[in-house]
Amino acid sequence: MAVDPRPSIRERALALGFDACQFASAAEPWNAGERLAHFVQAGRHGEMGWMETTLARRAHPTAMWDGARTAIVLGMNYGPETDPLPQMADVGAGYLSVYARGDDYHEVIKGRLKTLAGQVAALTGQDVKVFVDTAPLMEKPLAQRAGLGWQGKHTNLLSRRHGNWLFLGVILTAAELEVDAAEIDHCGSCTACLTACPTNAFPAPYQLDARRCLSYLTIEFAGPWPVEFRTATGSRIYGCDDCLAVCPWNKFASTAREGRLMARAALVSPRLSDLAALDDAAFRTLFAKNPVKRIGRDRFVRNVLYAIGNSADPNLIAAAQARLGDESALVRGAAVWALSRLADTARFLAWRNEAMNHETDPGVLAEWDGTAP
Ligand code: B12
Ligand code: SF4
Ligand code: SF4
């Protein structure tokens, strides 16, 4: 391999729509595997049993493919047009995380990674393997090693160039290519992501307990949630962006240039009443080619009903009532919970109106103890 293939690989990656393409050793040892083992031993993966069963292969790229020498790490920017968090003020609307508002990124990235991998194989004459998310490979530490960014205190990879909105994908190759310098940590004394988390999911900076994370609960967790998290989820019905969105490095972020990752209008602030009424066919149609489809209708409607319970909007009582006879026990249980929450709200409003009618001292409103009228 007389000519350095990296500039050509990078150029092709950018032409395929990736926003970053850098190189790291796939063979050098690291401590990420031990940290992953600690995460799993502490039970922080919750019901994601596949993390346990693939632990040995996940520990290091060579544990999965001992021929791997270089990792080509790709990033694709999915930056939103505006800060998404203010959208949660819209009572009656559900909040889908930014990554789930367009086409499924696995589908967007996979084909392009394969195309690029074919080109890498042709340029280097060496074997390649392609990974995006579902394969047992730790993408974030590889991306930090390749200099794409650093793992922040919220454990995601962020960069000075793209902020927090970057999907990752990896190609492993048997070719020994020159590598880029690893990125260093630029979090400094900031703790914005840690304090923004609505469920205190960070036992320490740089560590996440997935069992407390709303992204895990809304997407990965199959059953009824502990009540503590039902109230904390607010209107978040798929994923969560709080720790990403509050990060000050987003001031350097730009809007996604890949049209398929941009938000579909129907998935920004969708009405909770419409979502609660989705049957399986309507759910599949609304979320065609979108990542939400993966969790299935029942789990999604469970999330919607928790959000309805949190809405404090008596207009949503009918939407929850309509689910009391649902075929899914998970959905029925969530509907009962939503109605009990809304009943509290309705009783409070009735009590407040009563108090107002009697020209009661407004200070009395602070005395509501949940029992009157
Ligand atoms: C499992 C998983 C989840 C789980 C667990 C998340 C997690 N932080 O691990 C859940 C379901 C909660 C999840 C949520 C999300 N995910 Co996810 N997820 C994954 C997956 C499949 C594996 C990640 C993994 O191995 N986790 C295990 C832990 C142990 O690994 P880790 O975070 O790297 O752990 C490091 C730190 O704990 C650190 N550490 C531990 N102790 C200490 C101490 C010190 C001092 C230091 C410095 C470091 C340190 O070292 C560990 C090893 O690097 C990856 C894809 C992949 N194959 O890598 C996507 C991935 C991480 N997810 C992604 C996304 C987008 C998300 C969400 C933003 C989606 C959303 N909006 O809801 C949230 C973010 C939540 C969060 N704060 O992390 C992207 C992240 C892209 C990026 N720029 O980082 C990935 C890479 C998918 C992709 N291909 O783009 N996810
Ligand atoms: S995604 Fe949400 S719940 Fe999960 S750690 Fe970040 S802020 Fe907390
Ligand atoms: S919010 Fe602050 S601590 Fe968290 S990742 Fe961003 S810079 Fe680091």
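Modeller: Ala, Val, Leu, Ile, Met, Phe, Trp, Tyr, Cys and Pro count as nonpolar, Asp, Glu, Lys and Arg as charged, and the others, Gly among them, as polar. This is a predicted model: local features need pLDDT of at least 70, side-chain atom pairs count only at pLDDT 80 or more, and totals for chains, interfaces and linings use all residues. Residues are numbered from 1 along each chain as its sequence is written, while chains are lettered from A and ligands numbered from 1 in the order in which they are written.

Colleague: How many nonpolar residues are in the shell around ligand 1?

Modeller: The shell around ligand 1 has 35 residues, each with its C-beta atom, placed from the backbone, within 6 Å of the ligand. Of these, 8 are polar and 6 charged. The nonpolar residues number 21.

Colleague: Which element gives the largest share of the shell around ligand 1?

Modeller: Elements here are DSSP runs numbered from the N terminus: helices (H or I, at least four residues) and strands (E, at least two). Those giving two or more residues to this shell are H2 (32–41), H7 (139–145), S7, H9 and H11. The largest share, 4 residues, comes from H2.

Colleague: Which helices give two or more residues to the shell around ligand 2?

Modeller: There are 13 residues around ligand 2, and Cys197, Cys213, Cys240, Asp242 and Cys243 come nearest. By class, the shell has 9 nonpolar, 3 polar and 1 charged residues. Two or more come from each of H9 (214–219) and H11 (242–245).

Colleague: Which residues come nearest to ligand 3?

Modeller: The shell around ligand 3 divides into 9 nonpolar, 3 polar and 1 charged. Of its 13 residues, the nearest are Gly152, Cys187, Cys190, Cys193 and Cys247.

Colleague: Which strands stand at the edges of the sheet?

Modeller: The open sheet has 4 strands in the order S1-S2-S7-S4, with antiparallel pairing; strands pair if DSSP finds at least two bridges between them. An edge strand has a single partner, so one of its sides is left without a neighbour in the sheet. The edge strands are S1 (20–25) and S4 (128–131).

Colleague: In S2, what is the bridge partner of Cys21?

Modeller: S1 pairs with S2 (residues 70–77) over 6 bridges, in the antiparallel sense. Across to S2, Cys21 has as its bridge partner Leu74.

Colleague: At roughly what angle do the axes of H1 and H6 cross?

Modeller: Axes are lines fitted to C-alpha atoms, for helices over the stretch in contact, and angles run from 0 to 180 degrees between N-to-C directions. The axes of H1 (residues 6–15) and H6 (residues 105–124) come within 10 Å and cross at roughly 165°. That makes the two helices roughly antiparallel, the class for angles over 145 degrees. The angle is roughly 165°.

Colleague: Which residues of H6 make the contact with H1?

Modeller: Contact needs C-beta atoms, placed from the backbone, within 7 Å. H1 brings Ser8, Ile9, Arg12 and Ala13. H6 brings Leu116, Gln119, Val120 and Leu123.

Note on methods. Parallel < 35°, antiparallel > 145°, perpendicular 65-115°, else oblique. Contact = placed C-beta atoms within 7 Å.
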